[in-house]
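User: Please take a close look at the charged side-chain pairs in this model. I would like to know where the partners sit and how they are placed towards the solvent.

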Amino acid sequence: MRRDISGFSLLEIAILLIIIGLISGMSLPALRSMRDWQKAATTAQNQEKILYALASYAIQNRSLPYAANPTNFSGKQDIGARRRRGIVPYADLGLPESVAKDGYHHWITYVMDHDYATLPEKPYGKSTIYQLKNRLCEMPQYATYLHLNPLHIKNGQKNIALALISHGAEGRGAYPDPLGSGLMGSDEKQNATSDNEIIDRPLSQDPQDPFSHKVVWVTASNLLATYGRSPCPPLEEIP
C-alpha cells in the first residue's frame, strides 16, 4: 500500500524562519527591557532596605555609622579612619552583602556627614564642650558651630545626613575602582570622588555627559521620621 508523505517545501521553511525571526526580533527588546526594569527595581529595593537599617541603627545608637572600607569588603564601619565615604557597613547594619550591592551587582556607595557620627569637639565661639546625647536630632541646633563643611546636594538641599549612590549598569564610579570603570561624565566623576557634594540629576545617555547614577539621599530628620517612624522631638525636649 502506497502512502504519500508530505513535508515542508523550501519556500515554506523560509517563510517559517522569517516568522520566527520577526517574533524573536520583537520579543528580545521586550525581554531586555524587562531585565533592565528588574535590575532597577532591585536597586531601589536595596537602597530602601539600607535606609530602614540605617534608621534602626540611628535610633539605637543616636548616630550614624561610618562607611565601611571599600578595599577589604568586610562590611564593618571604619571608625578608626572616620571614613565618610565607602561601601555600606552592611555587617554593622545586620544586612547581607547582596543588599549592599545594586541590581547590577556593583557596590552601592555610602556617603555620610561625619558630624552625625562623632561627638563634636569644642564648638567655635563656645567655652564648654557639648556632649550631644542625640546627634541626629541636636545637630541642626549646632550647625552654626559644627557644620563647616556639610554634606549637601549640588544646587539643592543642604545639611543632608547621607547619600546612597548606585552607579548604574556600567558601574561608572563604583568601588573597588571608582575612577577606572570607563569614560565618565563630569557629574559621575564628582559622585565617584567627593565626600562633601553629591549630584542628583535625571539619567542621561548623552555621550558627552552621561549620567547613570541612581542617588538616594535623606536629612537626619527625614531618615528618622520616614524610615524609623521616630521623628525628632522639639529641641527643648531632647534628653
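Analyst: A residue is called buried under 20% relative accessible area, exposed over 50% and partly exposed in between (1.4 Å probe, protein chains only). The model is predicted, so local features need pLDDT of at least 70 and side-chain atom pairs pLDDT 80 or more, while totals for chains, interfaces and linings use all residues. Numbering starts from 1 along each chain as its sequence is written, and side-chain values use heavy atoms, without hydrogens or water.

Across the whole structure there are 7 salt bridges (a side-chain nitrogen of Lys or Arg within 4 Å of a carboxyl oxygen of Asp or Glu). Helix α5 (186-193) contributes D187 and E188 to two of these pairs. Helices (H or I, at least four residues) and strands (E, at least two) are DSSP runs numbered from the N terminus.

E188 pairs with R172, with N and O 2.8 Å apart. R172 belongs to the loop between β4 (162-166) and α5, whereas E188 is in helix α5 itself, so this bridge ties together parts 16 residues apart in sequence. Both E188 and R172 are buried.

D187 is the partner of R201, and their closest N and O atoms are also separated by 2.8 Å. R201 is in the loop between β5 and β6 (214-218) and D187 in helix α5, so here the parts tied together are 14 residues apart in sequence. D187 is buried because its relative accessible area is 15%. R201 has 22% and is therefore partly exposed.

Another of the bridges joins the side chains of D78 and R83, at 3.1 Å from N to O. D78 has a relative accessibility of 17% and so counts as buried, while R83, at 23%, counts as partly exposed.

S194 lies in the loop that runs between α5 and β5 (197-198). Its relative accessible area is 12%, so S194 is buried. Apart from neighbours within four places in sequence, S194 is in contact (heavy atoms within 4.5 Å) with R85 and V111.
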